[in-house]
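Q: Could you walk me through a helix pair and then a strand in this one? Please spell out the terms as you go.

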Amino acid sequence: MTGRMIDIAIVGGGLAGGLTALAVHRAHPDLRLAVFEAGEDFGGNHRWSWFATDLDPDGEALIAQFRKTEWDKGYEVLFPGQARTLASSYRSLGSRDFDATLRRLLPQEALRLRARVSELAPDGLTLDGGDHIPARVVIDCRNVAPSPHLRGGWQVFMGRHLRTDAPHGMARPIVMDARVAQEGAYRFVYTLPLGAHDLFVEDTYYADSPVLDRSALSRRIDDYCEQMGWQGEIVGGETGVLPVITGGDFAAYRRELGPPGVVRAGARGGFVHPLTSYTLPFAVENALVIAREAKLPGEQLAALFEKRAQDHWKRTDFYRSLGRMLFQGAAPEERYRIFEHFYRLPEPLIERFYAARSTLSDKARVLIGKPPIPIPAAVRALLGKGAPLVHEGPR
């Protein structure tokens, strides 16, 4: 069976796919588009956070359509050797609000939930049931694909939404609390005050393996909440395993994703921050580019994004180098010192780092001074290969 031709078919209804659909519909309401998502909802069960300085005015205008939590009183980082409050405004968007906004603003015929795609081609896609949908442009916005061509470690996390019995009193997020036991990895706890009685508490590890021990992480969140004096009801949560990319053959990785002519714009296409695994600033930027160029032939748009992906890989090499230093240059229980050192640096530098816009001067400031690891170990890490990323995480 063959469906009616559509202008733009977006495969994957997560952050990148949803933002792309919304940006295209805002710019070209005349175009017929569809978002094919295998799950029951758009965005899955996730939370995305970013700094206000990560987005330009056009990006802010796109994100402004979503209900989100905003903190304009800065955020905190806590380490054994220092505590610091930084002034940057912080934002967070939950997948429930993401899903609700897409359902409200996109045409109903564009919402294709429970639609698992078995094959992509430049001129259309095939669903699991065998239906073929022809399309002028096909955009792959699915999750990261595991690959022997990419190397690195893993960011393993469990988050919990806690509704506290009494007001918790937190005025700003704690983006990193690394005073906790390191547990064989760089470990920190991340806490967002979502309301007077609502907290999102996430236990995160920069680990050498992708193992996620749910019972152990849950107990550690219990212990942390008890230490902080927080008691209440668990009303939600999430888990995930994300690659922290430290190197690899990116051209070979892109080739294994499939034939040329398909636009690859999401995390699977390589548009992530290699060290932090942040995706939102890149998803917003790519969505706006696609919206501006939405009337190009599919092969031309795919070629444009092939170049964008290669440029992004080159531009983020510095962060992969830091990842090699983290995983190969320091013992697991000492890795927190790298971040403790980093958070002593000037705040504008930190903002540019998270947005993957570090200047040459920034890079020098990050690396000079008293290194948290011996220089020979750092050199070996910068030149090292690391382990291939072949595990597919749940996020």
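A: Axes here are lines fitted to C-alpha atoms, for helices over the stretch in contact, with angles running from 0 to 180 degrees between N-to-C directions. Helices (H or I, at least four residues) and strands (E, at least two) are DSSP runs numbered from the N terminus. This is a predicted model, in which local features need pLDDT of at least 70 and side-chain atom pairs count only at pLDDT 80 or more, while totals for chains, interfaces and linings use all residues. Residues are numbered from 1 along each chain as its sequence is written, and side-chain values use heavy atoms, leaving out hydrogens and water.

Q: At roughly what angle do the axes of α6 and α7 cross?
A: The axes of α6 (residues 280-292) and α7 (residues 298-315) cross at roughly 155° and come within 12 Å. The two helices are therefore roughly antiparallel, a label for angles over 145 degrees.

Q: Which residues in α6 meet α7?
A: Phe282, Glu285, Asn286, Val289 and Ile290 do, and their partners in α7 include Leu304, Phe305 and Arg308, where contact means heavy atoms within 4.5 Å.

Q: In which sense do β5 and β6 pair?
A: β5 and β6 (residues 82-86) pair in the antiparallel sense over five bridges, pairing requiring at least two DSSP bridges. They form a hairpin with two residues between them, and Glu76 stands opposite Thr85 in β6.

Q: And what about β13?
A: β5 pairs with β13 (residues 174-177) in the parallel sense over three bridges, with Leu78 opposite Asp177.

Key
Parallel < 35°, antiparallel > 145°, perpendicular 65-115°, else oblique.
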